[in-house]
Amino acid sequence: MPMGSAGSGGRSRRSSLVYREPMSLVNLSKINGESGEEELNLHLTKHKAKATRHIFLIRHSQYKLEGKTDADRVLTSLGREQAELTGQRLSNLGFKYSQIVHSSMTRAKETMEIISKYLPGVQKSSSDLLREGAPIRPDPPVCHWKPDVEQYYEDGPRIEAAFRNYIHRAEPKQEEDSYEIIICHANVIRYIVCRALQLPPEAWLRMSLNNGSITYLVVRPSGNVSLRMLGDSGFMPPEKISRT
């Protein structure tokens, strides 16, 4: 992916995939002057990605908003049904999933536990980087949602780190295409989509994601990213759809 321009607040929109460009991994000072071009091409081939990453971003299911702490914000009965439907959908897609990474927040963990029943044997792990938060001030501003300014400074770098950590081209050693699942939160997913597509990250709040919905990103060996699905919940009956 090419580099973008600077966003507001001094945050760069530079792609997280840039540092994985083959050229960025070659020490040019050690290239022999006489056989330079041939040697350079050998190094570039060694560091070039070969596989495509398929990344499924799942929003957690409906949870109890009245909970005072994260531990109290467990899934509702509808939320558990939604997770069952999402798990069935992911299973029916027929992909060979390599891993499930989930936010360490209770509602994401419980969603993962239900979904993983339909994907036996898939490796699971938890990440604090994927916790919900306020990634960046939305533009245009939204009058009904105004977190403290400090929250952007606390959550923004962490959510940006989540993007850089999980959305990148495949490692050169990866030989086959991979299918990976990330279970987290609406704000995190919306921000990741904007960054992955090199859209202004301030636009993240213009998207809407239903509980248990599936967003599907594809990262090619070239670093190009495409969005195949955004917040898909068409596999759920209308009466099971919610957006809390």
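Contact here means heavy atoms within 4.5 Å. The views below show a predicted model.

**View 1. Helix H3 and the elements that cover it.**
Helix H3, residues 106–115, is mostly covered, with eight of its ten residues buried. The buried residues are Thr-106, Arg-107, Ala-108, Glu-110, Thr-111, Met-112, Ile-114 and Ile-115. Among the elements covering these buried residues of H3 are the strands E1, E2 (97–103), E3 (123–127) and E4, together with helix H2 (77–92).

**View 2. The largest nonpolar core.**
The largest nonpolar core holds 27 residues, and those that touch the most other members are Leu-57, Leu-130, Ile-167, Ile-182, Ile-192 and Leu-217. At least two residues of this core come from each of the strands E1 (53–59), E4 (178–184) and E5 (214–219), and likewise from each of the helices H4 (149–166) and H5 (186–196). Helix H5 gives the most to this core, namely eight residues. A second, separate core has 18 residues, including Leu-119, Tyr-179, Ile-181 and Met-236.

**View 3. The surroundings of Leu-217.**
When neighbours within four places in sequence are left aside, Leu-217 is in contact with Arg-53, His-54, Ile-55 and Leu-57, as well as with Ile-167, Ile-192 and Ala-196. Leu-217 is also in contact with Val-225, Ser-226 and Leu-227.

**View 4. The crossing of helices H4 and H5.**
The axes of H4 and H5 come within 10 Å of each other and cross at roughly 55°. Helix H4 is therefore oblique to H5. The crossing in which H4 passes H5 is right-handed. On the H4 side, Ile-159, Glu-160, Phe-163 and Arg-164 take part, and they meet Val-188, Tyr-191, Ile-192, Arg-195 and Ala-196 of H5. Sorted by class, this contact comprises six nonpolar residues, three charged residues and no polar residues.

**View 5. Arg-137 in a loop.**
Arg-137 lies in the loop between strand E3 and helix H4. The relative accessible area of Arg-137 is 49%, so this residue counts as partly exposed, since exposed residues are those over 50% and buried residues those under 20%. With neighbours within four places in sequence left aside, Arg-137 is in contact with Val-149, Tyr-152, Glu-202 and Trp-204. Arg-137 and Leu-205 are separated by 68 residues in sequence, while their C-alpha atoms are 9.1 Å apart in space.

How values were computed:
Residues are numbered from 1 along each chain as its sequence is written. This is a predicted model: local features need pLDDT of at least 70, side-chain atom pairs count only at pLDDT 80 or more; totals for chains, interfaces and linings use all residues. Side-chain values use heavy atoms; hydrogens and water are left out. A nonpolar core is a set of buried Ala, Val, Leu, Ile, Met, Phe, Trp, Tyr and Cys residues joined through side-chain atoms within 4.5 Å. Buried means under 20% relative accessible area, exposed over 50%, partly exposed in between (1.4 Å probe, protein chains only). Helices (H or I, at least four residues) and strands (E, at least two) are DSSP runs, numbered from the N terminus. Axes are lines fitted to C-alpha atoms, for helices over the stretch in contact, and angles run from 0 to 180 degrees between N-to-C directions. Angles under 35 degrees count as roughly parallel, over 145 as roughly antiparallel, 65 to 115 as roughly perpendicular and the rest as oblique. A crossing is left-handed if the near helix is turned anticlockwise from the far one by less than a right angle, and right-handed if clockwise. Ala, Val, Leu, Ile, Met, Phe, Trp, Tyr, Cys and Pro count as nonpolar, Asp, Glu, Lys and Arg as charged, and the others, Gly among them, as polar.
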